[in-house]
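Colleague: I would like to learn how to read the packing of helices and the lining of a pocket. Could we go through one example together, step by step?

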Amino acid sequence: MSQTARHLELPLLVFDGDCAFCRRCVQFMQRHFKKQPRISSWQSLDLTTLGLTQLQCEGAVQWVNVNGAIHSAHAAIAHTLIFAGKGWALLGHIILLPGIKQIAGIMYRQIANNRACVGTPRGRA
């Protein structure tokens, strides 16, 4: 039985499982965040039941809240940090502040557009 976005027990962070940079970020969260959402690659999910499309997921990380609200890109990262709690939550709230939110969006897009370079360890192609 698949879960719809309105019936999630935990928020869901949806990432690109084919992206080395994305996988490293998930590994970082798993090591350092005491409180974690459910984390899944979009390739392993029924996106339709979550209200997502492949195009959305190819373009940015997605946060699906337990009430079905969806946040993308830097806003998804901010909500993930807020959910993690403590100092991470403060950083997440800062990312969503007016002015900073726009800068965070630009930075997210730059990293996303160059993630193949960012996710590759030095000395490897």
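Colleague: At what angle do H4 and H6 pack, and how far apart are their axes?

Modeller: Please keep in mind that this is a predicted model. H4 and H6 pack at an angle of about 110 degrees, and their axes are 8 Å apart. Angles from 65 to 115 degrees count as roughly perpendicular, which means that H4 is roughly perpendicular to H6. On the H4 side the contact is made by Ala73, His74 and Ile77, while H6 contributes Lys101, Ala104, Gly105, Tyr108 and Arg109. Sorted by class, this contact has 4 nonpolar, 2 polar and 2 charged residues.

Colleague: How do the axes of H4 and H5 cross, and within what distance do they come?

Modeller: The axes of H4, which covers residues 73–84, and H5, which covers residues 86–95, come within 6 Å and cross at roughly 150 degrees. Angles over 145 degrees count as roughly antiparallel, so H4 is roughly antiparallel to H5. The crossing of these two helices is left-handed. Among the residues that meet are Leu81 and Ile82 in H4 and Trp88 and Leu91 in H5. By class, the contact of H4 with H5 has 8 nonpolar, 3 polar and 1 charged residues.

Colleague: How much space lies in the largest pocket, and which residues are the closest to its centre?

Modeller: The largest pocket holds about 740 Å³ of space. It is lined by 30 residues, of which Phe21, Cys25, Ile77, Tyr108 and Ile111 are the closest to the centre.

Colleague: Which elements each supply at least two residues of that lining?

Modeller: Strand S1 (12–15) does, as do the helices H1 (20–32), H3 (54–59), H4, H5 and H6 (100–113). By class, the lining of the largest pocket has 24 nonpolar, 3 polar and 3 charged residues.

Definitions and conventions. Residues are numbered from 1 along each chain as its sequence is written. This is a predicted model: local features need pLDDT of at least 70, side-chain atom pairs count only at pLDDT 80 or more; totals for chains, interfaces and linings use all residues. Side-chain values use heavy atoms; hydrogens and water are left out. Axes are lines fitted to C-alpha atoms, for helices over the stretch in contact, and angles run from 0 to 180 degrees between N-to-C directions. Helices (H or I, at least four residues) and strands (E, at least two) are DSSP runs, numbered from the N terminus. Angles under 35 degrees count as roughly parallel, over 145 as roughly antiparallel, 65 to 115 as roughly perpendicular and the rest as oblique. A crossing is left-handed if the near helix is turned anticlockwise from the far one by less than a right angle, and right-handed if clockwise. Contact means heavy atoms within 4.5 Å. Ala, Val, Leu, Ile, Met, Phe, Trp, Tyr, Cys and Pro count as nonpolar, Asp, Glu, Lys and Arg as charged, and the others, Gly among them, as polar. On a 1 Å grid over the protein atoms alone, a cavity is a set of points where a 1.4 Å probe fits but cannot get out, and a pocket is an open set with protein on both sides within 12 Å along at least five of seven lines; lining residues have an atom within 4 Å of a point. Grid points are joined across faces, edges and corners, and a volume is the space filled by probe spheres set on the points.
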